[in-house]
Amino acid sequence: MAVSVAPAHGIGHGDDDHGHDDIIYRETRDMRLMGFVLFLGADVVLFSSYIFAYIYLRNSIPAWPPPGADGHQLPRLDTAFAAFNSIVLFGSGVTMHWALEHWKHANRSRFNVFMFLTILLGVGFLGGQAYEYAHAAIGGWSGNTFGASFFTLTGMHGLHVAVGVGFLIALWIQTTRGVYTKERFFGLTAGTLYWHFVDVIWVGLFFLFYLW
Amino acid sequence: MENLGNIEKIVAFIGALVVFTFAVIGLRGEWHKNGLDDNVTKMLLGLMAFGCILVVLACFGILPHTAPGGAA
């Protein structure tokens with residue numbers, strides 16, 4: 001994937017600057033995309049290691065959730081609320097997808113609407129997770145293996161969502177400053193992939209902690 | 001409290017249908033594209049649609065097998 005150099009007479013002279021930038025953009029886009037996908041792959045490995053540790057713990061203990069510090073069986077987590085909060089996050093994934101589609105079709109107003117909805121739903125999901133942390137009667141982070149696993153994995157995911165919200169806000173600001181065009185929008189593609197990624201990680205966590 | 005749980009399930013169920021529909025429409029739109037980002041998007045949208053199915057199963061109480069609030 002060698003990057004070719006634009007003709008020397010075209011560099012640094014008026015309109016030709018854009019031509020040179022376009023060449024650089026086209027020829028480095030695939031490399032940047034591959035780098036970003038590898039980053040997501042590394043994150044998958046990170047989450048997988050925690051998830052397999054959780055599966056091992058769950059299968060090592062006969063009664064799950066295990067008894068709390070006082071010896072009583074812990075209740076299951078609130079599945080109804082988790083289902084609601086999951087749909088908030090999955091909904092944000094769909095709105096982000098449509099935001100990118102509207103950007104590709106140069107529909108700026110709809111892009112703004114869908115971007116706003118994505119950020120709003122992302123913040124809503126974080127609020128829901130904070131509510132659940134406050135009300136989950138599973139003995140806290142250090143009370144038992146279930147609490148430790150739950151707070152570690154969902155906390156790590158929540159951190160990714162919080163970073164994602166910041167990422168999306170930064171991208172939105174960049175769009176208002178003309179950083180991206182209809183043809184050149186790698187940052188928005190990366191933001192969308194990242195946001196889909198945190199949605200999909202939640203599919204796994206939702207199943208593990210609430211449905212299994 | 002039980003009413004609140006039912007309202008959450010109804011909203012989650014309706015939301016799951018809406019999100020599933022739009023995820024499938026998005027998936028269809030991506031289907032003929034073959035770039036790396038398009039293929040990753042296809043996979044992630046498909047998994048998100050699968051997540052919606054899990055939410056529907058949770059809303060109907062099919063998953064988890066034990067009643068919420070009870071021991072596993």
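Trainee: So helices (H or I, at least four residues) and strands (E, at least two) are DSSP runs, numbered from the N terminus. What sort of model is this, and how do the numbers and letters work?

Mentor: This is a predicted model, in which local features need pLDDT of at least 70, side-chain atom pairs count only at pLDDT 80 or more, and totals for chains, interfaces and linings use all residues. Residues are numbered from 1 along each chain as its sequence is written, while chains are lettered from A and ligands numbered from 1 in the order in which they are written.

Trainee: OK. How many helices and strands does chain B have?

Mentor: Chain B has 2 helices and 0 strands. Of its 72 residues, 33% are buried. Buried means 20 or more other C-beta atoms within 10 Å of the residue's own, exposed means 12 or fewer, and partly exposed is in between, with C-beta atoms placed from the backbone.

Trainee: How many residues of chain A are in contact with chain B?

Mentor: On chain A there are 34, and they are in contact with 34 residues of chain B. Contact means that the C-beta atoms of two residues, placed from the backbone, lie within 7 Å.

Trainee: Which helices of chain A supply that side?

Mentor: At least two residues each come from α1 (16-60), α2 (79-104) and α5 (186-211) of chain A. The largest share, 12 residues, is from α2(A). Sorted by class, the side of chain A that touches chain B has 23 nonpolar, 8 polar and 3 charged residues. Here Ala, Val, Leu, Ile, Met, Phe, Trp, Tyr, Cys and Pro count as nonpolar, Asp, Glu, Lys and Arg as charged, and the others, Gly among them, as polar.

Trainee: How do α5(A) and α2(B) cross?

Mentor: The axes of α5(A) and α2(B), residues 36-59, come within 9 Å and cross at roughly 30°. Axes are lines fitted to C-alpha atoms, for helices over the stretch in contact, and angles run from 0 to 180 degrees between N-to-C directions. The two helices are therefore roughly parallel to each other. The cut-offs are under 35 degrees for roughly parallel, over 145 for roughly antiparallel, 65 to 115 for roughly perpendicular, and oblique for the rest.

Trainee: And the handedness of that crossing, what is it?

Mentor: Left-handed, that is, the near helix is turned anticlockwise from the far one by less than a right angle; clockwise would be right-handed. The residues making the contact include Phe197(A) and Val203(A) on α5(A), and Leu44(B) and Met48(B) on α2(B). By class, the residues of this contact are 16 nonpolar, 4 polar and 2 charged.

Trainee: Now within chain A. At what angle do α2(A) and α5(A) pack?

Mentor: At about 165°, with the axes of α2(A) and α5(A) 10 Å apart. That makes α2(A) roughly antiparallel to α5(A). Their crossing is left-handed. Among the residues that meet are Ser86(A) and Trp103(A) in α2(A), and Trp195(A) and Tyr210(A) in α5(A). The contact divides into 11 nonpolar, 8 polar and 1 charged.

Trainee: Which residues touch the most other members of the largest nonpolar core?

Mentor: Out of its 63 residues, they are Ala83(A), Ile87(A), Val19(B), Ala23(B), Met48(B), Cys52(B) and Val55(B). A nonpolar core is a set of buried Ala, Val, Leu, Ile, Met, Phe, Trp, Tyr and Cys residues joined through C-beta atoms within 7 Å. The elements giving two or more residues to this core are α2, α3 (108-135), α4 (145-176) and α5 of chain A, together with α1 (2-30) and α2 of chain B.

Trainee: Is Ala49(B) buried or exposed?

Mentor: Ala49(B) is buried because it has 21 C-beta neighbours inside 10 Å. It sits in helix α2 of chain B. Apart from neighbours within four places in sequence, Ala49(B) is in contact with Phe20(B), Ala23(B), Val24(B) and Leu27(B).

Trainee: Different topic. Where is Pro64(B)?

Mentor: Pro64(B) is in the segment after α2 of chain B. A cis peptide bond joins Leu63(B) to Pro64(B), with omega about -5°. Another cis bond joins Trp64(A) and Pro65(A), with omega about 0°.

Trainee: Last one: what is phi of Ala106(A)?

Mentor: Phi is near 60° for Ala106(A), a positive value in a residue other than glycine. Most residues other than glycine have a negative phi. Ala106(A) lies in the loop between α2 and α3 of chain A, and it counts as exposed because it has 10 C-beta neighbours inside 10 Å.
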